[in-house]
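Take a moment with the sequence and the 3D view below.

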Amino acid sequence: KMAKSIGILGVGQAGGNIAEIAVSLGFQAALINTNQRDGTVNTRVEKKYFVPGYSGAGQNRSIGLKAVKENYRELIDFVKRSFKNIKLLLVAFSTDGGTGSGMSPLLIDILLDQLPGINIGAIAVVPDRNVLAGNRINATTCIEEISRIEALSSVFLVDNDQLRKASPQSSKHQIYLSSNNQVMDAINNVLQVTKKSSLFGN
């Protein structure tokens, strides 16, 4: 079986959950978190880096940012060790919290610099609209930072609000699980379609 050419790097709790689904679909995946307790629930993901000296970022983006600035060498080494022969690395994270939202834009910027020859994109989870104002500000700031990164490849926005509309009775957990599954299925699907060839090329 051909190894998939896309790797998934989950940052923070939402990112770790997406990495967990990615593993079950046969993707190379790894996760980074400031909170060891969050990361241990992702039992399928073997490669994990917990930023030393942190116990989560408590929805505070500046803590996530600080974690990258203090540990970027270790983070780069971890990513280089975790993925083999990939063409595209997708960094998965929620835009509205502290760890994923705070770490990912700077981390992506550094990875673009340090991983020549590998395209880097993002799977960015956008919160549903009933989250707190602080989380909405986090999301807006994070998306602004991401959109400023010139060399960034594909960005998949995961809109939990759309799913909330489709199934208003679902719990938060069900909605997150469902949207994470949908985005990974879609990416997996794209890979399968592009493997097919025709007389006219791809």
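Is asparagine 35 buried or exposed? Keep in mind that this is a predicted model. Asparagine 35 has a relative accessible area of 12%. Buried means under 20%, so asparagine 35 counts as buried. Find asparagine 35 in the loop between β2 and α2 (36-40). What does asparagine 35 touch, leaving aside its neighbours within four places in sequence? Its contacts are Phe50, Ser55 and Gly56. Look at serine 55 in particular. Along the chain, serine 55 and asparagine 35 are 20 residues apart.

Now turn to the nonpolar cores. The largest has 31 residues. Some members touch the most others: Leu9, Ile32, Val79, Leu89, Phe93, Ile108 and Leu111. Which elements each supply at least two residues of this core? The strands that do so are β1 (6-11), β2 (28-33), β4 (88-94) and β5 (119-126). The helices are α3 (61-82), α4 (99-114) and α5 (133-147). With six residues, α3 gives the most. Pick out valine 79. Not counting residues up to four places away in sequence, valine 79 touches Leu9, Ile32, Leu89, Leu111 and Leu115. There is also a second, separate core of 21 residues. Its members include Ile6, Leu31, Ile123 and Val183.

Next, see how the helices pack. Start with α3 and α4. Their axes come within 8 Å and cross at roughly 40°. That angle makes α3 oblique to α4. The crossing is right-handed. What kinds of residue form the contact of α3 with α4? The residues divide into 13 nonpolar, five polar and three charged.

Finally, compare another pair, α4 and α5. Their axes lie 9 Å apart, at an angle of about 5°. Angles under 35 degrees count as roughly parallel, so α4 is roughly parallel to α5. From α4, the residues in this contact are Ser101, Pro105 and Ile108. They meet Asn138, Cys142, Glu145 and Ile146 in α5. This contact has four nonpolar residues, two polar and one charged. Ile108, for its part, is one of the residues that touch the most other members of the largest core.

Technical notes. Residues are numbered from 1 along each chain as its sequence is written. This is a predicted model: local features need pLDDT of at least 70, side-chain atom pairs count only at pLDDT 80 or more; totals for chains, interfaces and linings use all residues. Side-chain values use heavy atoms; hydrogens and water are left out. A nonpolar core is a set of buried Ala, Val, Leu, Ile, Met, Phe, Trp, Tyr and Cys residues joined through side-chain atoms within 4.5 Å. Buried means under 20% relative accessible area, exposed over 50%, partly exposed in between (1.4 Å probe, protein chains only). Helices (H or I, at least four residues) and strands (E, at least two) are DSSP runs, numbered from the N terminus. Contact means heavy atoms within 4.5 Å. Axes are lines fitted to C-alpha atoms, for helices over the stretch in contact, and angles run from 0 to 180 degrees between N-to-C directions. Angles under 35 degrees count as roughly parallel, over 145 as roughly antiparallel, 65 to 115 as roughly perpendicular and the rest as oblique. A crossing is left-handed if the near helix is turned anticlockwise from the far one by less than a right angle, and right-handed if clockwise. Ala, Val, Leu, Ile, Met, Phe, Trp, Tyr, Cys and Pro count as nonpolar, Asp, Glu, Lys and Arg as charged, and the others, Gly among them, as polar.
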